[in-house]
Amino acid sequence: MLKIHSIETFWAHEWPGIRTVFFLQWCEFKCLYCHNPDTIAMKWWKEMSDEEILDIVERNKIYFGKKWWVTASGWEPTLQAKWLISVFKELQNRWINTTLDTNGFVLNNDVKKLLKYTDLVLLDIKHFDDEKHKILTSQSNKNTLKFLDYLEENNKKYWIRHVLVPWYTDYEKHIEDLWKHLEKYKNLERLEILPYHTMWVYKWNELKMKYGLEWVEQPSRENIEKCVGILKKYIENVYVRG
Ligand code: SF4
């Protein structure tokens, strides 16, 4: 049984295709800007069987045929890889595309098996500098970078997503360094830049949790364009999302 936090049955404004997104509970990171601080902890909305999940997908799929995608997102779906394998396998049997949206922290045998049934991986890399990654997320980036290597070595289709946070990741040197890390990855299909935003801060306040980036403003349009312009020198498929 999968522990599901919430479900979006018609998600059309992100990622390829129209899709159903299952948001799974739990996360090992504690990102300073997490958009859902209430769900990092181990409490869940609902346990669902494979049949219940497949039934929800099928009910929506009939309107869109083969363009349908299913994403397991989070918080962190790899923490429930063991229970996700059979769902992804059956989705592929039914010609439904599968996407894994992950921070890449866990790469055990279950995750490796899950990746066999995954059509696209969306890998979030919060920072390439390990010390700064720890400041932003509370964890080292070593596992995430190993995850990236594994995707490359196993010819998986993947996109990388990177949050542009003023003072942390939105300056020229960082963007140049970001590309220096990425240029060797031949299977990188697309790089998505996600400008940091403050629209979820109210959740931290409601939960009476201290928000660590109170002093940080959203990046300006000029700065986003400047960062994207630097990356465009090296890779055509750079997109700003969100
Ligand atoms: S990886 Fe995602 S869900 Fe986990 S703490 Fe960071 S922003 Fe939140």
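This is a predicted model: local features need pLDDT of at least 70, side-chain atom pairs count only at pLDDT 80 or more; totals for chains, interfaces and linings use all residues.
# A quick tour of the structure

**Around R241**
- You'll find R241 in the segment after β9 (238-240).
- P195 is 46 residues from R241 in sequence, but the two C-alpha atoms are 7.4 Å apart in space.

**Around the ligand**
- The ligand has 11 residues around it, and C27, F29, C31, C34 and N103 come nearest.
- Sorted by class, that shell holds six nonpolar, three polar and two charged residues.

**The nonpolar core**
- The largest nonpolar core counts 51 residues, and the ones touching the most other members are L2, Y33, L84, L114 and L123.
- Helix α2 gives the most to this core, with six residues.
- Take Y33 as an example: setting aside neighbours within four places in sequence, Y33 is in contact with V163, V165, Y196 and L213.

**Helix α2**
- Running from residue 81 to 93, α2 has 13 residues and reaches 18 Å from first C-alpha to last, close to the 18 Å expected at 1.5 Å a residue.
- Its buried residues are A81, W83, L84, V87, F88 and L91.
- Seen down the helix axis, the buried residues of α2 fall within an arc of 145°, so they line one face of the helix.
- What do the buried residues of α2 pack against? They meet β1 (2-11), α1 (50-61), β4 (68-73), β5 (97-102) and α3 (109-116).
- After α2 comes W95, with a positive phi near 65°.

**Helix α5**
- Helix α5 (142-153) has 12 residues and spans 16 Å from its first C-alpha to its last, close to the 16 Å expected at 1.5 Å a residue.
- Buried in α5 are T144, F147, L148 and L151.
- Look down the axis of α5 and those buried residues fall within an arc of 100°, so they line one face of the helix.
- The face of α5 turned away from the buried side carries exposed residues: K142, D149 and E153.
- Among the elements covering the buried residues of α5 are β6 (120-124) and β7.

**G104, a buried loop residue**
- G104 sits in the loop between β5 and α3.
- Is G104 buried or exposed? G104 counts as buried because 25 C-beta neighbours lie inside 10 Å, and the cut-off for buried is 20 or more.
- Leaving out neighbours within four places in sequence, G104 is in contact with L123, N143, T144, F147 and L148. Of these, T144, F147 and L148 are buried residues of α5, and L123 is one of the core residues touching the most other members.
- L24 is 80 residues from G104 along the chain, with 15 Å between their C-alpha atoms.

- N155 follows α5, in the loop between α5 and β7 (158-164).
- Although N155 isn't a glycine, its phi is positive, at about 55°.
- N155 counts as exposed because it has 9 C-beta neighbours inside 10 Å.
- K208 belongs to the loop between α7 (201-206) and α8 (221-232).
- K208 is another residue other than glycine with a positive phi, near 55°.
- K208 is exposed too, with 6 other C-beta atoms within 10 Å.

How values were computed
Residues are numbered from 1 along each chain as its sequence is written. A residue is near a molecule or strand if its C-beta atom, placed from the backbone, lies within 6 Å of it. Ala, Val, Leu, Ile, Met, Phe, Trp, Tyr, Cys and Pro count as nonpolar, Asp, Glu, Lys and Arg as charged, and the others, Gly among them, as polar. Helices (H or I, at least four residues) and strands (E, at least two) are DSSP runs, numbered from the N terminus. The expected span of a helix is 1.5 Å times one less than its number of residues. A residue is buried if 20 or more other C-beta atoms lie within 10 Å of its own, exposed if 12 or fewer, and partly exposed in between; C-beta atoms are placed from the backbone. The arc is that of the directions from the helix axis to the C-beta atoms. Two residues are in contact if their C-beta atoms, placed from the backbone, lie within 7 Å. A nonpolar core is a set of buried Ala, Val, Leu, Ile, Met, Phe, Trp, Tyr and Cys residues joined through C-beta atoms within 7 Å.
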